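Please keep the sequence and the model in view while reading.

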Amino acid sequence: MKKYLMAVGIGLLLSAQSAFAHTHMTGSSPEDSAVIDTETTEVSVQFDTPIEESGVITLTDANGQDVPVEEITTGDGELIATLAAPLENGDYVAEWNIIGEDGHEMEGSFSFTIEMAEETVDENTEASSEETVMEEEPEEVATQTIDTETQEESQRNPIVVPASIGLLTLAAAGGAIFFMRRKK
């Protein structure tokens, strides 16, 4: 019986280690909620482990229109989307989907804003756009908060699933021991 319990304990420890080995997003370029003032022709997501080559990044603008992606490459735990043309001023959402080294599918998103200075802006247009920006700021802050909460939730979920599996395995082992003792 002691050998059986020892084997179950070792099995649980080994399965817990592999369960926590999921791939996690470590960063992005542009960063989540960043305001970029330079020409942007590339969007990337970094991960803590290597990823499969089947990864995808889609980029949408504030109107929900897809932004053309010319090429998607992977390497060294990074997913890179090269854009067909530099991004124009506005808000963007990048959604990514990858398969990690461990074979688990992961997905997430981040948002950013492009605000490059325009060379020929007259003072009237500049003043009215400043008023528009001030009016839109509260909505943007709320959107950024929701996006950050969603991203934090998706990063917490990989821990909940393995913990649940471990508890179920432990319950099953306990039940098996209970029924084995009852038969004697």
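Strand β3 (residues 42-47) and strand β6 (residues 78-83) pair in the antiparallel sense, with five bridges between them. Strands (E, at least two residues) and helices (H or I, at least four residues) are DSSP runs, numbered from the N terminus, and two strands count as paired if DSSP finds at least two bridges between them. The model is predicted: local features need pLDDT of at least 70, side-chain atom pairs count only at pLDDT 80 or more, and totals for chains, interfaces and linings use all residues. Residues are numbered from 1 along each chain as its sequence is written, and side-chain values use heavy atoms, with hydrogens and water left out.

**Antiparallel sheet**

- Four strands make up an open sheet in the order β1-β3-β6-β5, and its pairing is antiparallel.
- At the edges of this sheet are β1 (25-29) and β5, each of which pairs on one side only.
- From one strand to the next, the twist averages 10 degrees; the axes behind such angles are lines fitted to C-alpha atoms (for helices over the stretch in contact), and the angles run from 0 to 180 degrees between N-to-C directions.
- In the pairing of β3 with β6, Ser44 stands opposite Ile80 of β6.
- Strand β5 (residues 69-75) pairs with β6 over six bridges, again in the antiparallel sense.
- Ile72 faces Ala81 of β6 across the pairing, and Val69 has Leu83 of β6 as its bridge partner.

**Mixed sheet**

- A further open sheet of four strands has the order β2-β8-β7-β4, and its pairing is mixed.
- Its edge strands are β2 and β4, each pairing on one side only.
- Neighbouring strands of this sheet are turned against each other by 30 degrees on average, direction ignored.
- Strands β7 and β8 run antiparallel and are joined by 10 bridges.
- Ile98 stands opposite Met106 of β8.
- In general, strands of a sheet pair through backbone hydrogen bonds, either parallel or antiparallel.

**Loops and backbone geometry**

- Ser29 and Pro30 are joined by a cis peptide bond, with omega at about 0 degrees.
- Pro30 belongs to the loop between β1 and β2 (34-36).
- Ser33 is in the loop between β1 and β2 and has a positive phi of about 70 degrees although it is not a glycine.
- With a relative accessible area of 24%, Ser33 is partly exposed; on this scale buried means under 20% relative accessible area, exposed over 50%, and partly exposed in between (1.4 Å probe, protein chains only).
- The hairpin of β5 and β6 has two residues between the strands, and Asp76 there takes a positive phi near 55 degrees.
- Asp76 is a residue other than glycine, and its relative accessible area of 86% makes it exposed.

**Nonpolar core**

- The largest nonpolar core has 22 residues, of which Phe47, Leu59, Leu87, Trp96, Phe110 and Phe112 touch the most other members.
- Such a core is a set of buried Ala, Val, Leu, Ile, Met, Phe, Trp, Tyr and Cys residues joined through side-chain atoms within 4.5 Å.
- At least two residues of this core come from each of β2, β3, β4 (56-61), β6, β7 (90-99) and β8 (105-114).
- Leaving aside residues up to four places away in sequence, the contacts of Phe110 include Met25, Pro30, Val43, Val45, Tyr92 and Trp96; contact means heavy atoms within 4.5 Å.
- Also among the residues that Phe110 touches are Ser28, Asp32 and Ser44.

**Single residues and contacts**

- His22 is in the loop between α1 (2-19) and β1, and at 11% relative accessibility it counts as buried.
- The side chains of His22 and Asp102 are joined by a polar contact of 2.8 Å. A polar contact is a pair of N or O atoms within 3.5 Å; within protein, one must be able to donate a hydrogen and the other to accept it, and residues adjacent in sequence count only if both atoms are side-chain atoms.
- Gly90 lies in strand β7 and is partly exposed at 23% relative accessibility.
- Gly90 and Ile114 are 24 residues apart along the chain, and their C-alpha atoms are separated by 5.3 Å.
- Gly90 touches Phe112, Thr113 and Ile114, not counting residues up to four places away in sequence.
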